[in-house]
Amino acid sequence: MELDLKKCVEEMKKYVEGEHSPPPVSFETTFTVDNIHISCFHDLKPEDSEARFLSVDASSYLLMKANNWRIGVSRCAYVLVEKINGKWVISEEGCIDHIFPTIAPVNQRKFLIWAKLREYESSLALSLLEKLEPEDFCLVDGAAFFGFGSKGKYSIDLYNECFKRGIRLLMVSKNSPGLYSKKRQDLLATLNMYGTLLQKDGKLGKCWIYHPIQRARIDCEDLYGDVTCVKLSPSSSRVFRCDVAEYIVKKGKDYMLKTVSELSNLSMDARCNGYPAPLFLAHERTRIPKAKLLEYHELVQKTLAKEGLLDFLLLEVDVASFRRHLLGLTFDFELLEDFEV
């Protein structure tokens, strides 16, 4: 946390002194599918697993914001789920909090925040891979874009290390707005409609995968997995984007289906509504209580005041905070920001 605060002060000082250069913004690649092929729908039969499931997720909370910048705190959390004495349990869990600034206009800010969260998730997941063995799972909420630096992609080191260790890497997104049908409608919703019709005709099971939406494009787009749509729970109508690491797909269709079927078996918890339970549990642990947010808010303001930056920054906060005032709110973290993490 001390290092985070030091970096935060350095960046905000550059902003106050007019020396800050806006970082490049990386927009996530979108995909449009012109035709839906019935042959791409495959049954999943939820299959019990003896593997361990490591899941990592991060959320972001607002502490202070103005029109050109934001200071927030992220909680990056993990859970390790495994079967002990015949029952699935959380055998280990933990979290790390980070305070960080984002200096950019409002319309660009969310992409830089996502990039920072992916940096934290990559670092935490990498540090935990030694707890896993070959055929265990590493689950992350996001798309399978990997690269170097903080350009909105996960660390390529995470991908390479999972490949080297034989760990099955899957990326399951809570929301996937970048997938379109040929009519520019939501592709996952369209696939879900087709899947439902096939189920009613008895041509598809209660759990299924549509593969591929898009093949891995490592050389040109840093997409290190095949993009698929999955329905993981027979009792839920929800579908999700699931990116399957390329090295899993290369082992053959049967191996890929077996891998996703093992994930499906851990997606039937009623709390999760069809989302993988290990990822749901990791997300639950990214919540930061209000008392802790108040503590971080005070810490940030005291640190900025000590460096002689707070008065200037509070003037900008005041200009941008009238909506909060009208809503009768005291702190910026009481506002719901217009982006998802």
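Lysine 83 forms a salt bridge with aspartate 48, with the closest N and O atoms 2.5 Å apart. A salt bridge here is a side-chain nitrogen of Lys or Arg within 4 Å of a carboxyl oxygen of Asp or Glu. The pair links distant parts of the chain: lysine 83 sits in strand S4, aspartate 48 in the loop between S2 and S3, 35 residues apart. This is a predicted model, in which local features need pLDDT of at least 70, side-chain atom pairs count only at pLDDT 80 or more, and totals for chains, interfaces and linings use all residues. Residues are numbered from 1 along each chain as its sequence is written, and side-chain values use heavy atoms, with hydrogens and water left out.

**Salt bridges**

- The whole structure holds 27 salt bridges.
- Lysine 83 is partly exposed, at 22% relative accessible area. Aspartate 48 is also partly exposed, at 46%. The classes are buried (under 20% relative accessible area), exposed (over 50%) and partly exposed in between, with a 1.4 Å probe and protein chains only.
- Arginine 168 and glutamate 135 meet through their side chains in a salt bridge of 3.6 Å, N to O. Arginine 168 belongs to strand S9 and glutamate 135 to the loop between H2 and S6, 33 residues apart, so the pair links distant parts of the chain. Helices (H or I, at least four residues) and strands (E, at least two) are DSSP runs, numbered from the N terminus.
- Arginine 168 counts as buried because its relative accessibility is 3%. Glutamate 135 is partly exposed at 29%.
- Both residues belong to a salt-bridge network that links Glu47, Glu135, Arg168, Lys251, Lys258 and Glu262.
- Arginine 217 and glutamate 221 form a salt bridge at 2.8 Å, N to O. Arginine 217 is partly exposed, at 29% relative accessibility.

**The sheet**

- Nine strands form an open sheet in the order S2-S11-S12-S13-S9-S6-S3-S4-S5, with mixed pairing. Strands S2 (41-43) and S5 are the edges, each pairing on one side only. Neighbouring strands are turned by 25° against each other on average, direction ignored.
- Two strands pair if DSSP finds at least two bridges between them.
- S3 and S6 pair in the parallel sense over four bridges. Phenylalanine 53 stands opposite phenylalanine 137 in S6.
- S9 and S13 pair in the antiparallel sense over three bridges. Here leucine 170 stands opposite valine 244 in S13.
- S12 and S13 are antiparallel too, over six bridges. Glycine 225 has alanine 245 of S13 as its bridge partner.

**Cover on strand S13**

- Six of the six residues of S13 are buried, so the strand is mostly covered.
- Both faces are covered. Phe240, Cys242 and Val244 are buried on one side, and Arg241, Asp243 and Ala245 on the other.
- In a regular strand, side chains alternate between the two faces of the sheet.

**Helices against the sheet**

- Helix H1 (residues 2-16) lies across S4 and S5, running at about 25° to S5. Axes are lines fitted to C-alpha atoms, for helices over the stretch in contact, and angles run from 0 to 180 degrees between N-to-C directions.
- H4 lies across S2, S11 (208-214), S12 (225-231) and S13 (240-245), at about 140° to S11.
- Helix H8 (residues 277-284) is largely enclosed by the rest of the structure, because six of its eight residues are buried. They are Ala277, Pro278, Leu279, Phe280, Leu281 and Ala282.
- These buried residues pack against S3 (53-65), S4 (69-84), S5 (87-103), S6 (137-140) and S9 (168-172). Contact means heavy atoms within 4.5 Å.

**Arginine 118**

- Arginine 118 is in helix H2 (residues 106-128). It counts as buried, at 13% relative accessibility.
- Not counting residues up to four places away in sequence, arginine 118 touches Glu28, Gly152, Lys153 and Tyr154.
- Arginine 118 and glycine 152 are 34 residues apart in sequence and 6.8 Å apart in space, C-alpha to C-alpha.

**A nonpolar surface patch**

- Ile38, Met193, Tyr194 and Leu197 make a nonpolar surface patch of about 370 Å². Patches are made of residues with over 30% relative accessible area and no salt bridge: like charges are joined within 9 Å, nonpolar side chains (Val, Leu, Ile, Met, Phe, Trp, Tyr) within 5 Å. Areas come from the Shrake-Rupley method with a 1.4 Å probe; for residues, only the protein chains shown count as cover.
- Methionine 193 lies in helix H4 (residues 187-200). It is partly exposed, with a relative accessible area of 47%.
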